[in-house]
Number of protein chains: 2
Amino acid sequence: MSDSQYRVVFQPQGRAVSVLECTTILEAAAIAGLVIDTPCGGAGTCGKCRVQMPQGAPEPSDTDRKVFTKAELESGWRLACRSLVKVDAVVQVPTGSLFGGDQQIARDSSVGGPAEMRPAIRKVYVELSPPTLEDPRPDLLRLEEKTGPFKVDVAMLRHAPGRLRQQGYKGTAVLSDHQLIDIEEGDTTKRCLGVAVDVGTTTMVASLLNLCDGRELAVVARMNPQVSFGDDVLSRIEHSTSCPHCLDELRQTVAREIAGMIRALCDEAGIDARFIYEATFAGNTTMQHLLCGVDPSPLGAVPFAPAYARGVLLSARDLEIPINPHGTCYVFPIIGGFVGGDTVAGMLATGIDTSDGPTLLVDIGTNGEIVLAHEGKLLAASTAAGPAFEGARISCGMRGARGAMEKVLLDGDVHLGVIGNVAPMGICGSGLIDLAAEMLRVGIVSPEGRLRPREELPTGLSPALAGRVRTDNGGGVVFVLAEPGAGVSRKSLSITQRDIRKLQLGCGAIRAGISILMRQAGLAPKDLKTILIAGGFGGFIRRDKAQRIGLLPPEVDHQRIHYVGNASLAGARWALLSVEARKHGEELARRARHVELSVDGGFQAEFAEAMIFPGG
Amino acid sequence: MSDSQYRVVFQPQGRAVSVLECTTILEAAAIAGLVIDTPCGGAGTCGKCRVQMPQGAPEPSDTDRKVFTKAELESGWRLACRSLVKVDAVVQVPTGSLFGGDQQIARDSSVGGPAEMRPAIRKVYVELSPPTLEDPRPDLLRLEEKTGPFKVDVAMLRHAPGRLRQQGYKGTAVLSDHQLIDIEEGDTTKRCLGVAVDVGTTTMVASLLNLCDGRELAVVARMNPQVSFGDDVLSRIEHSTSCPHCLDELRQTVAREIAGMIRALCDEAGIDARFIYEATFAGNTTMQHLLCGVDPSPLGAVPFAPAYARGVLLSARDLEIPINPHGTCYVFPIIGGFVGGDTVAGMLATGIDTSDGPTLLVDIGTNGEIVLAHEGKLLAASTAAGPAFEGARISCGMRGARGAMEKVLLDGDVHLGVIGNVAPMGICGSGLIDLAAEMLRVGIVSPEGRLRPREELPTGLSPALAGRVRTDNGGGVVFVLAEPGAGVSRKSLSITQRDIRKLQLGCGAIRAGISILMRQAGLAPKDLKTILIAGGFGGFIRRDKAQRIGLLPPEVDHQRIHYVGNASLAGARWALLSVEARKHGEELARRARHVELSVDGGFQAEFAEAMIFPGG
């Protein structure tokens, strides 16, 4: 495993990611949220994952030479599963190589390019003839002739005519749906931006998009500062009711952080926030209630009924989101008390409703959301997995950012992949899954999840690994991943028994949810045509490792599992770029049936069983 | 002429008016805004103005006896033109007796009864099943199943679910179009009110309507307090630009007065203003700009282009109109710089676009608005008539309220009809027209408009009348209408030469406008099938008197002239009671062609000619 990191840009989607050396293009694409179709599971046998690399194409593999002609190889055609990143690269992804093929591209028009895009925000540059005695028509009527009919609120009614006159009846009209929201000087049609935000319980990610062509200009991820009021949604719901101003305090806390994220996005892209006219938000039901300042207390008690259901279009000013003051915020529709807008966004972005054969979408976060699509039906459930998968509340856990151990291999000693190619500062979700799977494989952890003390370790274990199993001050067994050193935290980075238990609880919650949805649909794991894994682990989730620890059903063929990245954020992007996608999301939210796991009599048993690692 | 006053209630419209004894039912209906069809001009020959009077029916006239059977007479059937009010009365007006017949009633569904009404405001009482684990659907989705889909703003999103829960999932949802604007405790569906406001330059009238059945619960008229910044629109436009806060000062001035009017309406009807969910406003272009706080300065200079054109739906809170805080305000569409929402409202309420034959609508106020409908075309113009017709800026002028001389007859001496049957306090528009016509007839005023000094009076003039022609302190000739006395103002009530000139200017402006519209349409006055006179004179305008002073073309047969009352207010009522009417108003505003009189080369000549009273 190498320590170097390279930038890979995917076209025509315009998405860029930084990956470790020797990451496959297939993995890099998944990290960028692009699911390249691999019926063979990336084994190099089906020849479907064709991409063209105008820059940074590696030496053709033997498989490449079988699949492509010499001319094709020379013009950079490669199989994504066989090509390793060794330098900065540009990758052209043909429509046919994406999972779902044309259909996905056609629906993910946002990403495909402006021809298919239809954002709610529209800018029109106009040059109007000034009124004369012969043609004294009203200012806004003159404007409407160029833009089509629109509505105005009182602020725009007072503002727009004067602006038009000051600007000599020239300027750029900004329309949100059929509402006039601004008039700008000069031709600013090219400066038309939106922000898509995934409001996670633990992590928030915001993406700045150019609404003219759908390109992503910047992304920023931050901790949801509401964690200071509790890790999980229930403790935040409790806090919201603990004092008269507590709900508003929670709302302000998240709004201020999002404001900071928007400033960071603007700084990175070098743009003015007044050119951002819309923000879309996808989060779980509680997060969306808190963002909107809606009392979430009914979500904290049986029967967990949310306040609202449909997507809502609110004023950015009302939500204190510092984009253009006349801008709007779209908050995703909700399925139920614990299946929120993030799930709807994920369903939208993965096109799960049109998938071929039984398909499972598992969004792994503090709340694990599970959707099963089968014969036109959509079942959705959520399960409290805890923040372990986001690297939170783990002894040395951290978000999937620079310094995070995102890959772990135990081979004689510990081998680490660290984001940003720096000294390790902590472990993120994907690293933790790797680590648990590896410790289980080499016997440091028992199938029941017990971190074995040194005297109980398997005899064949390497001395280096055995030496990392120690006892901490409190007498508990720990596994040391990294010793203190220059550039690293002053303490060693270790995993404790409690960390393993948290991971087990998370795995168990998700596996139990999957089992119950499958059972309610009358399906067995082997019936699944596809499993789509979504989440922000910080890296590409290793399917075999996830199956090894029982997070995913081991019965499902490895090649049917695909990582789709942050699907909630992807869905929020779609809603920003296409009003049709937004409508489709509304439809999905109403079509999905909310399965309340706690009502299912089998949940406790499934959960207890799923807690044990496979083989236990 | 008598001094007693009686109350006449018209059914099924529910409108009530107080009129002087011996007013005809035809006149009383016109004052109430109901145009009873009289092809014979009220001569008692056509027999079309049939009404039934369950209460207060006078002795049948000879004509009644010819037209009705004995049984009909016994059940109160009378001709409206032959029946004089001598006691309080209730009058049933059959659809067929109204001008425009079925068509008008069908369109004026508001007035006709709830079967035809469709206000933008809708109230629905709901009893929802509370959420359970088996059915945990979101609160607002449960509500939507009873009300149909709606949108919410952030305030309602925060407010409505909690209210629903507090009220045990029962209550009354209030919807404005497809927006949820309130949730009330209990069944309040019967308490659903709206306010229609005519925002005149000089006089404002507000009408409180029950949106369930269209009945008017109260009416109030007040002076527009902006008169303190100038009588006419131009001086107010000037004031609005004279300091940075002057525009807002003008807006607040009118908003505060309307707030006072709404409080008065609520007091009179004994209701709470929170049950008023919508207000509609019709005024001239400048008044509407000022009401909305939109800079009117372009209306003060060539080419007089307004800021906006379409009707706008604004938040009552934004406009500081104290109805339900989530309520809305509809401000009428505008035709041009000086042809505003009041004209559109008048066109709407009179159904002028569907009239049979060339029809002229003349709205007589500080701004005179004139609309000509001919062969499907609508021409609209406005002309600055000054406030004389509203009784303002006349030596002893006043609004058509209690104490106003609204009828004047010179027959040996002065005979007055005074509103409210009290001692006279001033003269209103209709009284002034009467007075001028009478002074012209008896020769106190010359056809050129000169108030003759006593020595030049005609020899046959009665000594009593001659004795009223005096010289004031400044040496000017005056005509004394009422001497000082108990209960009257301490000064005598007189008409001066300047008052006559003001009336001449007003008549001239309106007649010139009529002439130019007629000429542009290629019509002569005799071609007119109908003239509809609108305005708030305080009383029923006497058609012969209006023709005598040249306000209306003398060539038009007397019977083709109808008084339609405050058509602007009537249109505002329609918009409140029917979204279809509102849409039709929008269409009328866009269909009408704005004729800018000052651009017409013939205006000055027409104006100069029209200034002279006919016969001069």
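**View 1. Surroundings of B:Phe281 in the predicted model.** Setting aside neighbours within four places in sequence, B:Phe281 is in contact with B:Val197, B:Val199, B:Ile258, B:Gln288, B:Leu291, B:Ile321, B:Cys329, B:Tyr330, B:Val331 and B:Phe332 (contact: heavy atoms within 4.5 Å).

**View 2. Helices H9 and H10 of chain A.** Here H9(A) (residues 246-269) packs on H10(A) (residues 285-292) at about 95°, their axes 7 Å apart. The two helices are therefore roughly perpendicular (65 to 115 degrees). From H9(A) come A:Leu247, A:Leu250, A:Arg251, A:Val254 and A:Ile258, and from H10(A) A:Leu290, A:Leu291 and A:Cys292. Of these contact residues, 7 are nonpolar, none polar and 1 charged.

**View 3. An open sheet in chain A.** Take a look along the 6 strands, ordered E25-E24-E15-E16-E17-E26 with mixed pairing (strands pair with at least two DSSP bridges). E25 (561-565) and E26 (593-594) stand at the edges with a single partner strand each, so one side of each has no neighbour in the sheet.

**Notes.** This is a predicted model: local features need pLDDT of at least 70, side-chain atom pairs pLDDT 80 or more, while totals for chains, interfaces and linings use all residues. Residues are numbered from 1 along each chain as its sequence is written, chains are lettered from A and ligands numbered from 1 in the order written, and side-chain values use heavy atoms, without hydrogens and water.

Key:
Helices (H or I, at least four residues) and strands (E, at least two) are DSSP runs, numbered from the N terminus. Axes are lines fitted to C-alpha atoms, for helices over the stretch in contact, and angles run from 0 to 180 degrees between N-to-C directions. Angles under 35 degrees count as roughly parallel, over 145 as roughly antiparallel, 65 to 115 as roughly perpendicular and the rest as oblique. Ala, Val, Leu, Ile, Met, Phe, Trp, Tyr, Cys and Pro count as nonpolar, Asp, Glu, Lys and Arg as charged, and the others, Gly among them, as polar.
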